[in-house]
Amino acid sequence: MPLPFLRSLRSRLLLLFAALAVGPLATVGLLDYARSRQIIRALIVAQTDTLARRAAASIGDRYAVVRSDILLISENAEVQQLFRELARGDSGAIRGARRAADNFLQEVWRLAGPSYYSAELTDARGVRLWSSGSDSSSPNVADGLLTINEPVRDLQSNRVVGMLALAPSATTLWPRDLFAPSFGRSGYGVVIDRSSNGVLLHSNLTMARMSAHELVGATWSDDSARISRGSGTLVYTVHDSVRIASYVSLDSPQWTVLSSTALDEFAEPFARAHRFDVVLLGVLIGVVALLFVIFIGRATRSLEELTRAAAAVGRGDLSPTLPSAGPDEVGTLSDAFADMTRRIRSMMREIETSRQLAVLGEFAAQLSHEVRNPLTSLKLDLQGLQRQVRSGTLPLSAEAPVASSLREVNRLDTVVRGVLELARQPGTGRPFGLDEVIDHSVAALRAQLEQRNVVVERQPNRASTYLIGDPELLSGMFMNLLLNAAEAQPRGGRVGVSLVTRRDDDGVSWVDVTIADDGPGVAADKRDDVFRLFYTSRHDGTGLGLPLALRTARDHGGRIACDAATDGFRGAAFIVSLPIPVS
């Protein structure tokens with residue numbers, strides 16, 4: 001059972017519009033927004049990964065050079081000999097070994113010194129054996145410097161015999177353009193020592209003394225195991241700003257190079273554009289929805305009016321108020337409904353006329369016995385009195401009432417004969433030519449028409465039309481219609497007679513005989529009434545002529561209609577449509 005708000009067609013159409021138009025468009029907008037954010041993230045990840053890998057490769061290469069210098073110093077023969085002599089304790093041998101080691105180290109420092117801030121060699125007890133460069137033992141990390149402490153091992157016993165502290169200069173490990181250009185205004189690069197979780201280098205020097213946890217947040221601790229291996233992506237939040245960073249971790253040293261930028265910096269322009277698109281989409285959906293609602297409102301309003309009209313027809317009102325016809329399907333339906341009601345009205349009138357004719361037939365059978373015989377006697381008596389008046393047997397004063405009574409008796413006799421004709425049962429038909437019947441009808445009335453100054457304009461038929469029926473009855477019908485057309489023009493005029501053959505949608509062939517005049521015509525609201533029994537617009541009419549014509553047309557399987565004249569005529573036109581039998 002449908003929900004109450006879905007019982008009307010309008011509600012269902014609006015729900016269908018929302019489901020098939022508004023819903024999919026909104027879904028597409030949301031999916032497009034999500035896809036745009038994914039694209040932005042992919043773009044940021046790709047760019048930061050490129051920067052991190054490039055920086056990691058540069059740092060790895062430079063650290064390899066530093067590592068080779070460390071090995072050059074710690075594994076040199078003179079330095080190895082010095083530590084062996086120190087282990088033996090021979091003071092003379094120690095002095096000789098120290099001089100040889102000093103000469104070697106001075107030469108090495110002369111060549112490699114520009115790349116380092118300081119260098120210091122100590123024995124196992126921490127006693128300085130040699131140093132060079134700055135006197136400071138702790139370079140300023142904020143200046144991008146750090147001290148690399150490496151143990152010195154005896155190459156023969158692999159025993160730690162001393163310590164070498166080497167502080168590379170700022171440009172040795174960190175080139176000036178290491179993280180330049182960074183990705184975005186909020187982007188930066190950083191090198192983190194995983195062994196101490198300290199920041200070794202930051203493109204913003206004021207943040208160089210931070211810890212990895214302070215810089216990245218809990219993500220660094222939670223993902224420390226994953227970060228220590230290879231490369232990847234981190235997403236973390238700093239001061240309510242979501243950042244995306246790509247990292248590359250080096251195995252030796254235990255450093256991680258990280259390139260980071262804020263997501264909002266790149267997402268916001270897209271978000272603004274997306275908000276504009278969403279607003280534009282919303283406006284378009286609103287406009288389309290408004291137009292759809294207006295259209296559906298008009299369409300369903302017309303359907304509602306048609307529904308009310310159908311209900312009115314069901315109650316017996318055959319002239320309901322219908323919506324105005326338009327060019328669309330609803331307009332076509334309204335036209336069809338109006339045509340249907342017209343046909344129903346016509347059928348009801350025909351049924352009523354047929355019923356009246358049936359009743360009248362029974363009445364006429366009795367009338368012929370009960371009225372016509374006494375009426376004939378009255379007519380004979382009145383005619384005898386009229387002869388007596390003319391012969392002088394009766395006074396002349398009796399002539400006027402006798403003549404008036406005789407006219408009324410003749411009129412009553414005419415009515416009785418017409419009623420008897422309506423009650424007549426149709427006989428068997430025979431083939432005949434319709435043109436000959438019409439020509440005979442015109443010829444029979446030629447004298448009366450000429451007396452009224454009426455000219456008959458007979459349009460020639462292209463081919464002879466043959467029907468099956470009673471030609472005498474059809475001739476009487478055409479004579480009746482011709483006389484009506486002549487009487488509509490008391491001062492004379494024209495009467496047009498034309499024949500047109502056609503084929504309807506069902507494949508039935510018809511011939512339309514049109515009799516038109518130049519009289520005053522028949523009002524549109526009276527064109528159906530003229531076929532009712534005893535309806536007449538003339539004071540001396542009986543109202544039987546057109547019902548007789550309708551009866552004759554129906555007896556031949558046809559119909560008759562009244563319309564406005566065309567083809568140069570200005571009055572009324574009576575169209576008799578008769579079926580043409582299949583040959």
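Student: In what sense do strand β10 and β12 pair, and over how many bridges?

Tutor: Strand β10 (residues 430-433) and β12 pair in the antiparallel sense, over four bridges. Two strands pair if DSSP finds at least two bridges between them. Helices (H or I, at least four residues) and strands (E, at least two) are DSSP runs, numbered from the N terminus. Bear in mind that this is a predicted model: local features need pLDDT of at least 70, side-chain atom pairs count only at pLDDT 80 or more, and totals for chains, interfaces and linings use all residues. Residues are numbered from 1 along each chain as its sequence is written, and side-chain values use heavy atoms, with hydrogens and water left out.

Student: Thanks! Which residue stands opposite Tyr 466 in β12?

Tutor: That's Gly 433.

Student: And which side chains of β12 are buried?

Tutor: Leu 467 and Gly 469, which point to one face of β12 (residues 466-469), are buried. Buried means under 20% relative accessible area, exposed over 50%, and partly exposed in between (1.4 Å probe, protein chains only). In a regular strand the side chains alternate between the two faces of the sheet.

Student: Switching to β1, how many of its residues are buried?

Tutor: Six of the eight residues in β1 (residues 116-123) are buried.

Student: Which strands does β1 join?

Tutor: β1 runs antiparallel to β4 (residues 160-168), with seven bridges, and antiparallel to β2 (residues 128-133), with five. Glu 120 has Ala 165 as its bridge partner in β4 and stands opposite Ser 131 in β2.

Student: What sits between β1 and β2?

Tutor: Four residues, as the two strands form a hairpin; Gly 126 in the turn has a positive phi of about 90°.

Student: Now helices. How do α2 and α3 cross?

Tutor: The axes of α2 (residues 77-88) and α3 (residues 91-112) come within 8 Å and cross at roughly 155°. That makes α2 roughly antiparallel to α3, since angles under 35 degrees count as roughly parallel, over 145 as roughly antiparallel, 65 to 115 as roughly perpendicular and the rest as oblique. Axes are lines fitted to C-alpha atoms, for helices over the stretch in contact, with angles from 0 to 180 degrees between N-to-C directions.

Student: Which residues meet there?

Tutor: Among them, Val 79, Leu 82 and Leu 86 in α2, and Ile 94, Ala 97 and Phe 104 in α3. Contact means heavy atoms within 4.5 Å.
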